[in-house]
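Here's a walk through one protein chain, taken a piece at a time.

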Amino acid sequence: MKQPGRILLGLYCLLVAVWLVAPTIVVVPMSFNDKKSLAFPPSGFSWQWYQNFFTNPEWSASLVGSLKVAVVTALFATVIGTLAAFGLDRMKSRVSGVLRALLITPMVVPGVVLAVGIYAVYLDTRLVGTMAGFVLAHTMLAVPFVIIAVSASLEVFDKRLETAAASLGATRLTAFRTVTLPLIAPGILSGLLFAFVTSFDEIIVALFITSPYLKTLPVQIFSSITRDADPTVAAVGTLLFITTSLVIGAGLLIGSRQGKR
């Protein structure tokens, strides 16, 4: 009786996975179309749209800008989110629940509302279109993901290990660095990857604070779709899909190996 149930469950999971991934997979053949149109199925095969992505200055500049913003954002968000999660985990009062709810607010507030508020503040502080402005805004959006990932690791962390380290003469900082940090590393790595992807894919806030001097890749994709909608957009989408899958897969693999150790 268990075997048919497992088969049905596996088929159901496979069906859901195909349903979720199908829109992205459709983009892949569209990126090889030989005509200047987003058509499915494609009428021919061509690499010209990938070549256009790597040779066009607008696309290459937006890619470099997105990578810079995403890397810096991931580092800042990981440090801030990890310390925040650690502090919330050590708080024994009801205030921690309120603080946790406040810290994850950017996840539940509509993106347009956040974008309007950020834009209004940036106009007065002259941060519109600057590297610092993008990093600050994206860090605010990415920190909640780091907090959730690290908090999940802290929930299963045995605090008696820190007590044992303290009994052997380790200070709190030494215990955190040598005991706690290595054991919650998978959660930190997951938070880092989520922060990077959150910044790299963010579009709503970026549309409000972009400038001709700094334009992220999602903004460039949006501009291309509204202007000419050539298959370069599909080529970019295919590259992003493959890269994101590889990064997240590598992170999960490293995290699972560290968890087994």
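How much of the chain over residues 7–32 is helix, how much is strand, and how far apart are the end C-alpha atoms? The stretch is 92% helix and 0% strand, with its end C-alpha atoms 36 Å apart. Helices here are DSSP runs of H or I with at least four residues, strands are runs of E with at least two, and both are numbered from the N terminus.

Before going further, a word on the ground rules: this is a predicted model, where local features need pLDDT of at least 70 and side-chain atom pairs count only at pLDDT 80 or more, while totals for chains, interfaces and linings use all residues. Residues are numbered from 1 along each chain as its sequence is written, and side-chain values use heavy atoms, leaving out hydrogens and water.

Residues 7–32 also turn up in the UniProt record, an unreviewed entry, as "transmembrane region", along with 59–86, 98–122, 128–150 and 234–255. Those positions follow the numbering used here, feature names are shortened, and the annotations may be inferred rather than shown by experiment. Over residues 98–122 the chain is 88% helix and 0% strand, and the end C-alpha atoms sit 28 Å apart.

Now look at Phe 32, in the loop between α1 (2–30) and α2 (48–55). Phe 32 counts as buried because its relative accessible area is 16%; buried means under 20%, exposed over 50%, and partly exposed in between (1.4 Å probe, protein chains only). Leaving aside residues up to four places away in sequence, Phe 32 touches Gly 44, Phe 45, Ser 46, Trp 47 and Tyr 50, where a contact means heavy atoms within 4.5 Å. Trp 49 lies 17 residues from Phe 32 in sequence, but their C-alpha atoms are 7.3 Å apart in space.

Next, the inside. The largest nonpolar core has 14 residues, and Ile 118, Tyr 122, Phe 134, Ala 137, Val 205 and Ile 209 have the most contacts within it. Such a core is a set of buried Ala, Val, Leu, Ile, Met, Phe, Trp, Tyr and Cys residues joined through side-chain atoms within 4.5 Å. Two or more residues each come from α6, α7 (131–155) and α11, with α6 giving the largest share, 4 residues. Ile 118 shows some of the packing: not counting residues up to four places away in sequence, Ile 118 touches Ala 137, Met 140, Val 205 and Ile 209. A second, separate core of 13 residues includes Ala 85, Val 143, Ile 147 and Ile 184.
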